[in-house]
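Visitor: Can you walk me through this one? I'd like the terms settled before the details.

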Number of protein chains: 2
Amino acid sequence: MKHAIVVIACALATSASAFAAEGMWTPDNLPKQELQAKYKFSPPAQWAEHVQHAALRLAGGCSGSFVSPTGLVLTNHHCVNSCVQQLSTAEHDFIKSGFYAKQAGDEVKCPEIELNRLDTITNVTDRVKKATAGKSGEEYSNAEKAVKSDIESECVGKDSERTRCDVVDLYHGGVYDVYKYHRYQDVRLVFAPELAMAFFGGDPDNFNFPRYDLDMGVLRAYENGKPAKVADYFPFSKGGAEENELTIVVGNPGGTDRQLTISQLETTRDVDTLHALLRLSELRGLIEQFRSESAEHSRIAQNDLFGIENSYKALRGRLEALQDPEVFSVKRKQEAELHDFVDADPARKAKYGAAWDAIARAQTTYRNIEIPYQFKEGRGSFFTRYFGFARALVRGADERKKPNAERLREYTESRLPSLTQQLFSTAPVYPEYEKVKLAYSLTKMREWLGADDAFVKDVLGKQSPQALADELVDGTKLADVAVRKQLWEGGSAAVDASNDPFIALVRRIDPQARAVRKRMEDEVESVVDINAELIAAARFEKYGTSVYPDATFTERFSFGEVRGWEEKGKWVKPFTEIAGAFARATGFEPFALPQSWLDAKASLNMNQRLDFVTTNDIIGGNSGSPMINRDAQVVGLVFDGNIESLGGDFWFDERVNRTVAVHSGAILEALHKVYKADRLANEIEAARKH
Amino acid sequence: MKHAIVVIACALATSASAFAAEGMWTPDNLPKQELQAKYKFSPPAQWAEHVQHAALRLAGGCSGSFVSPTGLVLTNHHCVNSCVQQLSTAEHDFIKSGFYAKQAGDEVKCPEIELNRLDTITNVTDRVKKATAGKSGEEYSNAEKAVKSDIESECVGKDSERTRCDVVDLYHGGVYDVYKYHRYQDVRLVFAPELAMAFFGGDPDNFNFPRYDLDMGVLRAYENGKPAKVADYFPFSKGGAEENELTIVVGNPGGTDRQLTISQLETTRDVDTLHALLRLSELRGLIEQFRSESAEHSRIAQNDLFGIENSYKALRGRLEALQDPEVFSVKRKQEAELHDFVDADPARKAKYGAAWDAIARAQTTYRNIEIPYQFKEGRGSFFTRYFGFARALVRGADERKKPNAERLREYTESRLPSLTQQLFSTAPVYPEYEKVKLAYSLTKMREWLGADDAFVKDVLGKQSPQALADELVDGTKLADVAVRKQLWEGGSAAVDASNDPFIALVRRIDPQARAVRKRMEDEVESVVDINAELIAAARFEKYGTSVYPDATFTERFSFGEVRGWEEKGKWVKPFTEIAGAFARATGFEPFALPQSWLDAKASLNMNQRLDFVTTNDIIGGNSGSPMINRDAQVVGLVFDGNIESLGGDFWFDERVNRTVAVHSGAILEALHKVYKADRLANEIEAARKH
């Protein structure tokens with residue numbers, strides 16, 4: 001089967017006219033001709049703008065949408081899981097019991113959720129390219145950072161609390177846009193079902209279909225202490241999705257690698273994916289055992305384990321795609337075609353011809369510094385929240401003294417509100433758990449860098465990872481929000497005066513961490529950026545603008561339809577029904593239905609569609625995306641892809657790549673009959689009648 | 001540096017005249033000309049035979065040697081670690097405290113150690129090839145199994161207690177020999193230092209050098225309840241190894257992949273190594289956390305964790321070698337050369353030409369059934385000792401009813417003594433720990449095979465992995481040796497009557513396990529065997545007999561010399577001294593010296609050489625090998641290789657591949673001054689004077 005798939009993918013990728021469901025389109029460049037040709041759909045005036053404004057991004061890595069004029073937000077349970085866990089205690093475990101704010105006043109603030117609504121897109125390509133023209137290495141790197149910070153700062157203006165601006169690099173440097181968002185940081189939890197129902201089937205069923213999950217969560221955006229009033233939102237459709245119906249997903253796909261060069265794909269396969277998998281799987285074993293030790297351990301590490309298992313399975317799928325020899329042969333062919341096109345014209349060759357080799361050389365550098373980068377600048381060595389706090393405080397004090405354009409990107413003015421939201425989060429910190437994670441990551445640091453590495457010696461001295469972790473965690477005061485606030489507001493003077501052991505650690509190692517980051521920026525990233533821009537320009541010359549850019553965790557539209565697929569010679573139907581969940585239940589986690597569903601069984605419409613699949617082209621980050629019909633009504637809630645969709649990082653195969661969604665009808669059925677959440681269900685239903 | 005290495009390796013592998021330290025030579029085919037040319041060494045008459053008989057194999061996967069006429073055996077601590085752990089209790093932890101039998105009567109039997117002394121080698125190539133000639137698939141597979149079982153049975157005769165015979169497949173089917181061993185199953189522990197000294201530096205220093213380990217263990221072979229009298233043994237040399245001295249390692253390298261085809265190397269890289277690493281790393285995390293829970297948990301899982309970490313690091317090294325694009329380009333070149341040689345002659349082409357493609361096709365089948373094989377027939381799903389007991393009992397009852405030649409290989413007459421030694425082992429079983437491992441492996445079964453797989457449903461039913469593990473472990477009586485003996489001796493009647501839950505589980509799934517094993521044998525192994533034989537024959541035609549076969553966990557001689565190497569531009573000296581261990585100590589595990597060494601510090605010769613490196617060509621399985629001089633005296637004890645040696649699976653590069661050994665002088669220094677083990681030290685020293 002693989003061979004046939006690859007041929008299709010190849011055809012899609014090299015010929016824009018063979019349009020399929022493939023594509024994650026920016027709001028300002030929808031494939032109008034193809035929509036008309038394939039779906040007989042010509043979006044009416046204002047349609048795209050309305051949809052753009054009703055869709056949302058969760059800054060932590062998800063998507064969502066407004067579903068009522070008073071700021072109700074629909075997203076996935078797994079997108080609000082960390083909030084649900086942070087609001088839980090040993091006595092009230094909302095992960096287990098679910099959460100529902102019966103009254104408006106019961107809606108509780110999520111300590112770390114930020115919502116972004118995309119208001120405008122402005123092209124700034126010329127300005128960015130002019131700033132970096134003729135530069136390379138450190139000079140390029142600095143110029144690029146400076147111009148981006150300037151653009152963002154100007155865009156934000158004085159309203160950084162409510163406005164967020166990000167310069168977005170599309171087509172690997174082919175286009176630079178500044179995306180201006182309305183920012184919501186007062187976001188409250190309204191509803192979350194029990195994890196057992198949201199994630200029924202757990203890790204074994206993750207990325208699988210047939211599926212029986214109610215992976216939903218409801219938030220509400222607040223402004224000035226009151227529910228936000230919004231003009232654009234998606235009402236629920238009457239019946240929900242039907243087979244073969246056109247479905248539109250509007251969300252924020254996190255990243256794809258469809259336009260990487262061969263040398264970059266090799267790095268992805270041999271270095272990034274593999275190293276991440278090895279570290280994730282060991283951490284997974286550790287946390288599984290930690291969770292088995294007590295109900296409380298199970299509770300506090302639940303969200304981490306979910307994240308690890310989810311990433312692990314996704315990376316496994318990606319690695320398998322990259323290990324298929326056919327994949328590389330197709331990708332090689334694509335690259336050769338573009339390269340040949342470049343070489344065929346002397347002027348083009350002079351302009352673009354050296355780009356591929358330059359990127360390949362940067363990959364060699366990357367391979368040499370990737371491990372030091374992960375363990376000195378990345379979080380490989382210090383997998384604990386304390387370290388994140390300490391680094392933000394130390395660097396925040398240093399960076400804020402500099403002009404905006406010279407700062408590390410994450411400390412520029414336009415980024416500070418998100419950073420401080422995390423830093424001042426009231427989410428609880430569990431010292432014993434932090435010790436386990438820190439001792440583990442310090443051990444990995446020693447393993448990956450080697451016991452004789454200078455950085456390792458600097459961190460550990462003559463101590464063991466466990467002894468150091470104990471000492472640091474026992475000695476720190478950073479779990480206290482007030483302490484963090486005081487240090488942040490006190491700036492350098494306060495930070496320098498602090499004798500907190502994590503602050504001291506960060507201060508000691510920061511020069512080494514910054515040094516490896518600088519090498520990464522100057523010798524790898526800037527080289528890749530410059531040369532990927534050249535390749536992007538060559539691609540534009542050959543294919544024109546009828547292509548879509550790799551995903552960048554910004555808003556994209558994807559067009560597909562409700563359709564099953566053939567797997568190992570058998571047709572998988574596109575819908576599951578509520579009855580299927582009861583049939584699959586064993587009584588044991590993760591196949592145990594919650595008591596609320598067992599109690600409501602008699603009242604439920606067993607034929608109500610529960611989950612379904614569509615041909616929409618999505619990727620991680622699309623979780624929580626609204627799935628709407630041509631009338632911009634919600635027919636489903638995206639929460640996953642099938643196993644075959646994991647290769648979607650590298651291409652799209654319409655025959656087997658499927659998006660998995662919760663049916664809008666199941667959401668209403670459950671809210672009414674299982675959760676008796678009438679206040680919420682009524683608000684959703686009323687939105688249709690406005 | 002990598003490029004230069006590869007060129008050398010290539011030269012070595014394709015030209016037998018460019019003789020270096022490379023080579024793991026069978027005792028009956030030593031490279032005499034090259035020894036004379038390179039080392040001016042012409043082994044005297046009987047030398048090879050004497051050495052062959054003084055060397056030993058530990059059936060579980062190590063090497064060793066006799067070092068006294070009364071059966072004293074020198075090997076590594078990590079080769080006796082499992083015995084030391086099995087003899088320990090919560091009250092007496094010999095892993096921590098070390099073990100020394102002050103009196104002869106204090107020597108304690110190791111429950112699972114079997115020693116093999118290689119007595120004779122007989123070529124049976126013609127007989128094996130005649131039996132399989134013209135056959136393929138299942139027919140080939142059955143014929144090969146039958147002829148091997150017959151040969152082994154005839155070789156063993158009636159003395160299966162003391163004689164063991166294995167048909168050995170050399171040069172991938174180029175030569176079949178039957179190796180006749182003297183078998184020792186009454187093997188007692190005499191001495192083991194503290195793990196802290198045997199494995200000073202632990203996992204971080206594993207495969208590294210400079211090194212400061214006393215990785216030694218001493219056993220004694222018994223016969224008829226008395227120390228075995230042996231004619232061939234290695235006395236210790238007077239001063240131990242000197243720089244540039246010729247060193248000979250005689251041991252049992254477990255396996256190398258130097259003659260695999262490209263398609264096999266790709267399978268090794270993409271399937272075997274990767275899957276093993278992913279499973280090992282998760283299990284590693286789990287067991288690390290389990291060990292952190294209490295001193296007792298730490299004790300009972302110590303040996304497992306050591307094994308996992310050791311394998312993990314070795315596999316990482318192998319994977320990195322296989323990911324180096326240069327490696328495959330060299331291997332491709334070698335394969336093309338042989339292939340061209342075959343194609344150049346029509347008769348040769350007709351005979352051998354299709355072999356590579358046939359092996360490649362078998363690899364495709366292998367990739368499709370590797371996961372089912374691991375989880376149904378392999379131990380992937382049932383990582384617990386109980387399952388091993390139950391399978392041996394169920395299959396043992398079934399297989400022993402069949403004629404010897406028709407049995408599964410591990411149940412043929414000549415293999416039963418080793419099997420029953422394991423089955424009747426008195427080593428303790430810890431139910432809580434077994435539950436942890438079993439629940440984990442059942443979860444992995446569900447993950448890798450999928451929740452909807454028929455085998456998974458058959459095993460789990462509607463239970464969770466944890467619930468099933470608890471039920472099985474709580475219900476079984478197989479921890480009791482007497483129960484196992486009764487079931488073994490009672491044969492089918494007893495096994496069929498048993499309602500032990502593990503017996504029932506094995507009985508239920510055995511048809512599915514046997515089915516996938518049969519596919520593996522008929523569709524993969526027999527195809528590879530037949531075609532690897534053809535390639536081996538072609539290689540003989542091209543290169544003659546001046547090559548050595550891939551390692552097969554049988555006795556091999558390797559010739560090298562004491563020599564440092566250049567690493568990242570710096571020369572690494574070949575010796576460390578005792579002083580270095582004190583300098584490296586931090587007081588924290590794994591860099592904490594045991595109290596015995598701290599106490600003895602003043603009396604120790606700080607300049608005594610502790611560990612050293614040589615250019616000998618070894619691989620896993622060589623652990624515990626004697627390192628002798630040309631007079632067949634012990635100058636060192638092999639226990640490891642440097643990081644660069646891990647690529648040795650695929651080739652040998654004399655410039656950087658190094659064997660790591662304990663210096664014989666350090667062994668005597670420690671026995672005398674640290675451990676006051678005079679009875680033992682005197683016996684070793686007296687052997688020289690015989």
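Guide: Start with burial: a residue is buried if 20 or more other C-beta atoms lie within 10 Å of its own, exposed if 12 or fewer, and partly exposed in between, with C-beta atoms placed from the backbone. Helices (H or I, at least four residues) and strands (E, at least two) are DSSP runs, numbered from the N terminus. This is a predicted model, in which local features need pLDDT of at least 70 and side-chain atom pairs count only at pLDDT 80 or more, while totals for chains, interfaces and linings use all residues. Residues are numbered from 1 along each chain as its sequence is written, and chains are lettered from A and ligands numbered from 1 in the order in which they are written.

Visitor: Fine. Which residues of helix H20 in chain B are buried?

Guide: In H20(B), residues 465–475, they are Pro465(B), Leu468(B), Ala469(B), Leu472(B) and Val473(B). They sit on the same side of H20(B), because they cover an arc of only 120 degrees around the axis; the arc is that of the directions from the helix axis to the C-beta atoms.

Visitor: Switching to the chains. How is chain B related to chain A?

Guide: Chain B superposes on chain A by a rotation of 180 degrees with 0.0 Å of shift along the axis, at RMSD 0.0 Å. That is the relation of a two-fold axis. The superposition is by least squares on the C-alpha atoms of residues with pLDDT of at least 70 in both copies.

Visitor: How many residues of chain B are in contact with chain A?

Guide: 28 residues of chain B, against 28 of chain A. H10(B) gives the largest share of chain B's side, 12 residues.

Visitor: How does that side divide by residue type?

Guide: Nine nonpolar, eight polar and 11 charged. Ala, Val, Leu, Ile, Met, Phe, Trp, Tyr, Cys and Pro count as nonpolar, Asp, Glu, Lys and Arg as charged, and the others, Gly among them, as polar.

Visitor: What about the fold of chain A: how many helices and strands?

Guide: 26 helices and 20 strands. Of its 690 residues, 51% count as buried, and the C-alpha trace spans about 65 × 65 × 50 Å along its principal axes.

Visitor: Where is Glu107(A)?

Guide: In the loop between strands S4 (99–100) and S5 (108–109) of chain A. Glu107(A) is buried, with 20 other C-beta atoms within 10 Å. Leu189(A) is 82 residues away in sequence but 5.5 Å away in space, C-alpha to C-alpha.

Definitions and conventions:
Contact = placed C-beta atoms within 7 Å.
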